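Let's take a friendly walk through this model together. Have the viewer ready, and keep the sequence beside it as you read.

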Amino acid sequence: MTVLDSDNKHAAHTRQKLQDFKDLAASLEDWTFSYEQDGVKLYTKEVPGAPLPIVRGDTVLKTDASPLDVITAAVLPGCRKMWDEQYDSSDIKTFYTRYESLFWVKLKAPWPVSPRDMVATTIRDVNDDVVYASMTSVEDDSVEGDPSCVRATLHVSGWKLARVEGSIAITYITQVDLGGYIPNWLIRQIQTQVPLCAGKVANYITDHGFPPNLRVCEGATFAGEELTHEEDKKVNYTVEVTSATPELRLEIDLSPVMFATHINAKIHTVNGEAQVDVQQEKRRVVVTAKQAVDKVTLTLTNTSS
């Protein structure tokens, strides 16, 4: 698998920005090293005429998790709430494919600066040893903004997760125009804090494990997934698919850290039946069907009830 095909109206722009991100992440040529903090190496690249440089953070996470496991922690909103203090809320408006969507996101800002929001697309390029995920702003009249926010523009942003000798090399790059008035002290803070997201994702994986990874989704249309963290390290994960065929097969890999002792699975269907197989030793949950099903919703928790 690389990039899934789609003919949505933002497809060409989204794929061009994915390539732009890959080019930026390919090497450290033309990047200026700033310093290292909390195990993350920070770099900048000046852009003529832009108010802020492109910023980059590189770190290495020692883990048995795959690149796809780690990227899920970077992009899933329920995880981001845990590691990104600037994240406020988001809403996925449309799934174009399993790994491509249109979304709205709101970011916090310190008083007296107004919060920012963005309308953007995201896409993933998935391979066994390296995964890319990029985000870029788009114009889309179907998505309403928040009147309390100033609209920001995400020129290019993304994650590169690459397998290296028992570890995952994490690269996070972003170029954003925050729009409106931004005091100099906040600009300096953004330049130093944003690249550290690479280390925050690494810390999330170390502390919580990776979130459920829907690595196989066949014979159905992916309709969304959600993860929430609750008290006492309880985690709830829900995935939904529609228009399932008798060839339905979902395979979800689970972290031995996040799901250390219990895998509680509940399945709900509309107009049909599906079966769920919890493979405790493999830390895997498999959903299949022998007939067409209008909708399948699977909920996983890491508690006994």
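## Aromatic pairs

W159 is buried, at 2% relative accessibility (buried means under 20% relative accessible area, exposed over 50%, and partly exposed in between, with a 1.4 Å probe and protein chains only). Before going on, a word on the source: this is a predicted model, in which local features need pLDDT of at least 70 and side-chain atom pairs count only at pLDDT 80 or more, while totals for chains, interfaces and linings use all residues. Residues are numbered from 1 along each chain as its sequence is written, and side-chain values use heavy atoms, with hydrogens and water left out.

How many aromatic pairs does a search of the whole structure find? The search finds five, where rings of Phe, Tyr and Trp (its six-membered ring) pair if their centres lie within 6.5 Å, and planes under 30 degrees apart count as stacked, over 60 as edge-to-face and the rest as tilted. One of them is the edge-to-face pair of F95 and F222, at 4.9 Å centre to centre with 85° between the planes. F95 lies in strand 4 (residues 87-97) and F222 in strand 12, so this pair ties together parts that are 127 residues apart in sequence. F95 counts as partly exposed at 27% relative accessibility, whereas F222 counts as buried at 8%.

W159 and Y172 form a tilted pair, 4.4 Å centre to centre and with 35° between the planes. This pair links W159 in strand 9 to Y172 in strand 10 (residues 167-177), 13 residues apart. Y172 is buried too, with a relative accessible area of 11%. Ring pairs also bring in W83, linking W83, W159 and Y172 into a cluster.

## The chain as a whole

The chain holds five helices and 18 strands; helices (H or I, at least four residues) and strands (E, at least two) are DSSP runs, numbered from the N terminus. Its radius of gyration is 20 Å, close to the 19 Å that the globule rule gives for 305 residues, so the chain is as compact as a globular protein of that length. Here the radius is taken over C-alpha atoms, and the rule is 2.2 Å times the number of residues to the power 0.38. Along its principal axes, the C-alpha trace spans about 60 × 45 × 35 Å.

Of the 305 residues, 49% count as buried. Among contacts (heavy atoms within 4.5 Å) between residues at least 6 apart in sequence, 62% join residues at least 24 apart. The accessible surface comes to about 14,800 Å², with 47% of it belonging to carbon and sulfur atoms; such areas come from the Shrake-Rupley method with a 1.4 Å probe, and for residues only the protein chains shown count as cover.

## Enclosed elements

Why is helix 2 (residues 67-75) described as largely enclosed by the rest of the structure? Eight of its nine residues are buried, so the label follows from that count. The buried residues include P67, L68, D69 and V70.

Strand 3 (residues 54-62) is likewise largely enclosed, because seven of its nine residues are buried. Strand 3 runs antiparallel to strand 2 (residues 40-45), with five bridges joining them; two strands pair if DSSP finds at least two bridges between them. Eight bridges join strand 3 to strand 10, also in the antiparallel sense. V55 of strand 3 stands opposite T44, and the bridge partner of V55 in strand 10 is T174.

## An open sheet and a hairpin

Four strands form an open antiparallel sheet in the order 12-13-18-15. Strand 12 (221-229) and strand 15 (264-270) stand at the edges with a single partner strand each, so one side of each is left without a neighbour in the sheet. Within the sheet, strand 13 (residues 235-244) and strand 18 (residues 293-301) pair over eight bridges, and K295 in strand 18 is the bridge partner of T242.

Strand 16 (residues 275-279) and strand 17 (residues 284-288) run antiparallel, joined by five bridges. Q279 stands opposite R284 in strand 17. The hairpin of these two strands has four residues between them, and R283 takes a positive phi near 55°. For a sense of distance, the C-alpha atoms of Q279 and V164 are separated by 28 Å, at 115 residues apart along the chain. V164 lies in strand 9 (residues 153-164) and counts as partly exposed at 33% relative accessibility.
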